[in-house]
Amino acid sequence: AMLAENCKVKVFVRFRPFTLHERSLGELETSKKDLVFTTDRRAVINNTEGGAEVFAFDYVFDEAMTQADVYHRVAKSLVEDVLTGYNATIFAYGQTGSGKTFSMFGEDVDDETIMGVIPRVTKALFTAADDMRARDNGTTCEIACSMMEIYKEEIRDLL
């Protein structure tokens, strides 16, 4: 079943681009036939027995989607909510090497084309805070951030 459009909890899945190391192994075609994107909301994984498993999400990002695409679909509306006083959370989940760090930080936080969600959110928040202060000298802004890691049932504060 499709997830409710008006639900505040959204589930996105991202299939990151292959790394340089993965490309050097030359097994890309084998991997590609096992995963099929049927729409922007469904991913089908073909199993070895000839069957298939279909998964539905609020949105599926294939390996061709850019870092900017991910930010605009996942985080931009959350930034707008935060600027009106709401709290927001982005929860990145996946096995080691699945692309969490790639999606959240990117390959270079200073390069607009490959920076991830966190540098884009940070830039948007501080730009908005500067704009608010420029419009009204009495405006103050407080920005707080938490980053936690859950690994092997242990919670670690990353800041």
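**Note on the predicted model**

1. Among the contacts in the protein chain that link residues at least 6 apart in sequence, 39% join residues at least 24 apart. Please keep in mind, when reading this and every later point, that the model is a predicted one.

2. The protein chain has 5 helices and 7 strands, and, when it is read along the sequence, these elements follow the pattern β-α-α-β-β-β-β-α-α-α-β-β.

3. Of the 159 residues in the protein chain, 19% are buried. The chain exposes about 11700 Å², and carbon and sulfur atoms supply 54% of that area.

4. Which residues of helix 5 are buried? They are Val117, Pro119, Arg120, Val121, Leu125, Ala128 and Ala129, and what covers them includes helix 3 (67–83) and helix 4 (100–104). As background for reading such a list, an α-helix has 3.6 residues a turn, so residues three or four places apart point the same way.

5. The structure holds 3 aromatic pairs. In one of them, the rings of Phe91 and Tyr93 have their centres 6.4 Å apart and their planes at 10°, and because planes under 30 degrees apart count as stacked, this pair is stacked. Phe91 counts as exposed, with a relative accessibility of 61%, and Tyr93 is likewise exposed, with a relative accessible area of 74%.

6. Elsewhere in the aromatic picture, Phe12, Tyr59 and Phe61 form one aromatic cluster.

Key: Residues are numbered from 1 along each chain as its sequence is written. This is a predicted model: local features need pLDDT of at least 70, side-chain atom pairs count only at pLDDT 80 or more; totals for chains, interfaces and linings use all residues. Side-chain values use heavy atoms; hydrogens and water are left out. Buried means under 20% relative accessible area, exposed over 50%, partly exposed in between (1.4 Å probe, protein chains only). Helices (H or I, at least four residues) and strands (E, at least two) are DSSP runs, numbered from the N terminus. Contact means heavy atoms within 4.5 Å. Rings of Phe, Tyr and Trp (its six-membered ring) pair if their centres lie within 6.5 Å; planes under 30 degrees apart count as stacked, over 60 as edge-to-face and the rest as tilted. Accessible areas come from the Shrake-Rupley method with a 1.4 Å probe; for residues, only the protein chains shown count as cover.
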